[in-house]
Each structure stands twice: as structure tokens, then as C-alpha cells.
Amino acid sequence: MAYNNPTPAQSTTLTAEERAKEARKILEMLHEEDQDEVERKLTGRALEFVQGKWLEMDLGGQVNVTPNQYWWLQDIWSKFA
């Protein structure tokens, strides 16, 4: 699902650093879930996005997400919480 917010600057009060920290938490929680469940519950596009962010984390990089990607991660996590 694409998140096309016409006013992304107003979509969150979190700074880029705070978004990155929260995104990392969500991604770590998703990584702890049964991976068969993750694959079953997520669309192909969502799974590809999450796996790409996991790769960023594995490579030691900063997890950077836009406000819209942050909301998408929130929605993805809601399928497990």
C-alpha cells in the first residue's frame, strides 16, 4: 500500500532521528517474529521493504525512513501486535 500524504511535513511530529529509532524498534520486533508468519501476513511489496531495511541494519547502517514509510511500518507491525 502506498502512503501518499500530500503534506508529508505535517504527517508526524517526530524528527528524522526519532523516526529512525522507532523504525529500528519495529524492524527488530518483526525480526523476532516467526518468519513464516511474517511472510504469510505481509504483501510481497511490504516484505521486500522490511527485508531491505533489515539488510540496512545488518550492514550497520542508519535506518532512514520517510514519514510515510514510518506510518507504513506502523501498519505492518499492527498485523502482529
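Predicted model: local features only at pLDDT ≥ 70, side-chain atom pairs only at ≥ 80, totals over all residues.
User: How many helices and strands does the protein have, and what counts as one?

Analyst: Helices are DSSP runs of H or I with at least four residues, strands are runs of E with at least two, and both are numbered from the N terminus. By that rule the protein has four helices and zero strands, and the pattern along the sequence reads α-α-α-α.

User: Why is Ile26 called buried?

Analyst: Buried means under 20% relative accessible area, exposed means over 50%, and partly exposed lies in between, with a 1.4 Å probe and protein chains only. Ile26 has 4% relative accessibility and therefore counts as buried. This residue lies in helix α1, and, leaving aside neighbours within four places in sequence, Ile26 is in contact (heavy atoms within 4.5 Å) with Leu73, Gln74 and Trp77. Across the whole protein of 81 residues, 33% count as buried.

User: What makes Met29 and Leu14 partly exposed?

Analyst: Met29, in helix α1, has 31% relative accessibility, so Met29 counts as partly exposed. Leu14, found in the segment before α1, has 26% and therefore also counts as partly exposed. Leaving aside neighbours within four places in sequence, Leu14 is in contact with Arg19, Glu22 and Tyr70.

User: Which residues have the most contacts inside the largest nonpolar core, and what makes it a core?

Analyst: A nonpolar core is a set of buried Ala, Val, Leu, Ile, Met, Phe, Trp, Tyr and Cys residues joined through side-chain atoms within 4.5 Å. The largest such core has 20 residues, and those with the most contacts inside it are Leu27, Leu30, Leu42, Val50, Trp54, Leu73 and Ile76. Two or more residues come from each of α1 (16-32), α3 (44-58) and α4 (67-78), with α3 giving the most, six residues. Ile76, leaving aside neighbours within four places in sequence, is in contact with Leu30, Leu42, Ala46, Phe49 and Val50.

User: How do you know whether α1 is roughly parallel or roughly perpendicular to α4?

Analyst: Axes are lines fitted to C-alpha atoms, for helices over the stretch in contact, and angles run from 0 to 180 degrees between N-to-C directions. Angles under 35 degrees count as roughly parallel, over 145 as roughly antiparallel, 65 to 115 as roughly perpendicular and the rest as oblique. α1 and α4 pack at an angle of about 30°, with their axes 10 Å apart, and α1 is therefore roughly parallel to α4. Their contact is made by Arg19, Glu22, Ala23, Ile26, Leu27, Met29 and Leu30 of α1 and Pro67, Tyr70, Leu73, Gln74, Ile76 and Trp77 of α4.

User: How are the residues of the contact of α1 with α4 divided by class?

Analyst: Ala, Val, Leu, Ile, Met, Phe, Trp, Tyr, Cys and Pro count as nonpolar, Asp, Glu, Lys and Arg as charged, and the others, Gly among them, as polar. On that basis the contact of α1 with α4 has 10 nonpolar, one polar and two charged residues.

User: What is the angle between α3 and α4, and what is it called?

Analyst: α3 and α4 pack at about 110°, with their axes 11 Å apart, so α3 is roughly perpendicular to α4. Arg45, Ala46, Phe49, Val50 and Lys53 in α3 meet Gln69, Trp72, Leu73 and Ile76 in α4, a set that divides into six nonpolar, one polar and two charged residues.

Notes
Residues numbered from 1 in each chain as written. Heavy atoms only, no water.
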